[in-house]
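Reader: Before I use any labels from this model, I would like to see how each one was reached. Please take them in turn.

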Amino acid sequence: MGVATRNWAGNQRCAPASVHEPVSTDEVASVVSAAAAEGRRVKVVGGGHSFTDIAMTDGTLISLDSMDRVIGVGGAEGFDVSVQAGIRLGALNDALAVRGLALPNLGDIDRQSIAGAISTATHGTGAGHGNLATTVVAMTLVVGDGSVRRIDEDTDPELLRVARVGLGALGVVTEVTLRCVPAFNLHAVETIEPLVDVVADFGRVMHGTDHVEFYWMPGARRCQVKRNTRTSAEADPPSRASYVKDKWIGENLAFGAVCRVGRRFPAAAPRIAKLIMTGASERELIDRSDRVFCSPRRVRFLEMEYGVPFDAVPDALGRIAALVESLPFPPLFPIEVRASAGDDIALSTANGRASGWIAIHQYVGAPHEAYFQGVENIMNDYNGRPHWGKLHFQSSATLAHRYLEWDVFQRTRRELDPAGTFANAYTDRVLGPV
Ligand SMILES: Cc1cc2nc3c(=O)[nH]c(=O)nc-3n(C[C@H](O)[C@H](O)[C@H](O)COP(=O)(O)OP(=O)(O)OC[C@H]3O[C@@H](n4cnc5c(N)ncnc54)[C@H](O)[C@@H]3O)c2cc1C
């Protein structure tokens with residue numbers, strides 16, 4: 001696999017001056033110190049799954065695809081797993097399963113690198129669960145002058161707290177230790193329910209079990225609710241044929257075809273919305289946690305996701321529903337609603353507050369600007385925080401006051417990367433100069 005200079009959605013690309021695929025922390029350190037000595041900027045690309053230009057550079061691009069090993073398992077209870085930072089989530093999940101372990105929560109896909117996922121505060125759903133970065137108990141970071149810092153809970157808990165979500169702006173993460181949990185299965189129950197009922201009862205629905213989310217196709221009256229409950233019951237996965245029918249044909253092939261029709265004939269979108277919700281099936285299964293959390297995503301889309309205070313979600317959704325009615329071009333993709341616990345990581349999108357997540361999508365090639373800008377305007381009223389890896393139009397001026405520990409992050413950045421070696425156009429815009 002070549003180094004990604006183009007992201008998954010195809011809306012970002014870059015032409016780096018040089019590309020490096022180091023195999024060790026020492027080699028990363030050499031690349032960084034050489035670039036820093038020449039005043040060149042450095043960026044690491046993980047899986048290239050961010051929708052923003054956060055991983056793009058015209059300077060030195062590093063890929064850790066060759067640093068993808070499990071290093072070892074330790075910790076008082078044997079739950080702390082150290083890995084090289086380039087490992088993809090799918091490979092990590094398999095490696096954990098072999099050892100009887102799992103990550104406590106995951107997002108919708110498993111294609112990201114672990115470092116890319118934690119650097120943008122990638123999350124799943126579960127009102128009682130934090131994002132992936134909250135599982136990090138130690139990391140190795142190559143900082144701006146090329147020196148190597150080993151950070152853990154004992155030696156520097158304060159720095160670890162901040163560095164867990166670094167937006168790639170604090171250094172190159174080369175190794176990370178994750179506090180995992182004993183492997184578990186999930187009992188998945190997917191139902192189709194009236195949207196008004198789900199929204200009216202939002203708090204109870206989202207706290208109803210361990211991991212709850214719902215998908216709503218704008219224009220439809222019903223939504224698909226996914227409730228995943230941790231269980232010690234044996235796995236009872238769908239047959240291969242039914243998995244292919246639901247996940248590959250239903251959620252990808254057929255859905256892609258419907259999106260293409262909608263892009264060509266936008267007037268048909270309201271009927272398409274109903275069709276998509278009608279096509280969504282009710283199902284129930286028990287399977288290994290990561291196999292329930294993550295699904296294949298073949299239909300390309302653009303995405304924006306905002307974290308807002310949990311209780312603001314019903315109001316915000318009502319306003320989005322009204323906005324959608326007035327759009328010149330309809331959304332062809334569902335809105336996804338999730339929840340997560342607050343945390344104490346300076347630039348985590350859930351810092352200091354229990355969060356509700358509203359993710360909007362548009363099929364690639366269909367107009368998205370008016371939709372995304374309109375939703376962002378609504379989110380601004382709730383002090384919304386944009387996912388760092390998903391599209392938004394914010395700047396450091398509009399974001400600084402939304403984070404209680406903005407200054408703490410900036411101080412850390414000045415300490416670890418005083419020359420701005422890890423800056424790029426995205427961090428210039430979103431974090432400002434060092
Ligand atoms: C189909 C799809 C589904 C998604 N689902 C979810 C979801 O369910 N939940 C969610 O929260 N997000 C989701 N995302 C967003 C995705 O998880 C984030 O954008 C994530 O950052 C992508 O990881 P990556 O490895 O591709 O990182 P990249 O996009 O390559 O990079 C992201 C950032 O991490 C930095 N970085 C990467 N590696 C390192 C390193 N070793 N050291 C320092 N910095 C590094 C990069 O420089 C960049 O700043 C989804 C994206 C797609 C395309």
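Reader: How do the residues of the shell around the ligand divide into nonpolar, polar and charged?

Author: This is a predicted model. The shell around the ligand holds 13 nonpolar, 16 polar and 3 charged residues. In total 32 residues surround the ligand, and the closest are G46, G107, G116, G168 and G389.

Reader: Which element gives the most to the shell around the ligand?

Author: Helix α3 does, with 4 residues. Three elements supply at least two shell residues each: β2 (42-45), α3 (114-119) and β9 (172-179).

Reader: What makes W388 count as buried?

Author: The cut-off for buried is 20 or more other C-beta atoms within 10 Å. W388 has 25 such neighbours, so W388 counts as buried. W388 lies in the loop between β18 (385-386) and α12 (396-399).

Reader: Which residues is W388 in contact with, leaving aside its neighbours within four places in sequence?

Author: They are I54, T120, A121 and L167. Contact here requires C-beta atoms within 7 Å.

Reader: Why is N383 called partly exposed?

Author: Buried needs 20 or more other C-beta atoms within 10 Å, and exposed needs 12 or fewer. N383 has 15, so N383 is partly exposed. N383 is not a glycine either, yet its phi is positive at about 55°. The loop that holds N383 runs between α11 (369-380) and β18.

Reader: Why are α10 and α11 called roughly antiparallel?

Author: Two packed helices are described by the angle between their axes and the distance between the axes. The axes of α10 (residues 313-325) and α11 come within 10 Å and cross at roughly 150°. Angles over 145 degrees count as roughly antiparallel, and α10 and α11 are therefore given that label. The crossing of α10 past α11 is right-handed.

Reader: Which residues meet where α10 contacts α11?

Author: From α10 come A316, R319, I320 and L323; from α11 come G374, V375, I378 and M379. By class, this contact has 6 nonpolar residues, 1 polar and 1 charged.

How values were computed
Residues are numbered from 1 along each chain as its sequence is written. This is a predicted model: local features need pLDDT of at least 70, side-chain atom pairs count only at pLDDT 80 or more; totals for chains, interfaces and linings use all residues. A residue is near a molecule or strand if its C-beta atom, placed from the backbone, lies within 6 Å of it. Ala, Val, Leu, Ile, Met, Phe, Trp, Tyr, Cys and Pro count as nonpolar, Asp, Glu, Lys and Arg as charged, and the others, Gly among them, as polar. Two residues are in contact if their C-beta atoms, placed from the backbone, lie within 7 Å. Axes are lines fitted to C-alpha atoms, for helices over the stretch in contact, and angles run from 0 to 180 degrees between N-to-C directions. Angles under 35 degrees count as roughly parallel, over 145 as roughly antiparallel, 65 to 115 as roughly perpendicular and the rest as oblique. A crossing is left-handed if the near helix is turned anticlockwise from the far one by less than a right angle, and right-handed if clockwise.
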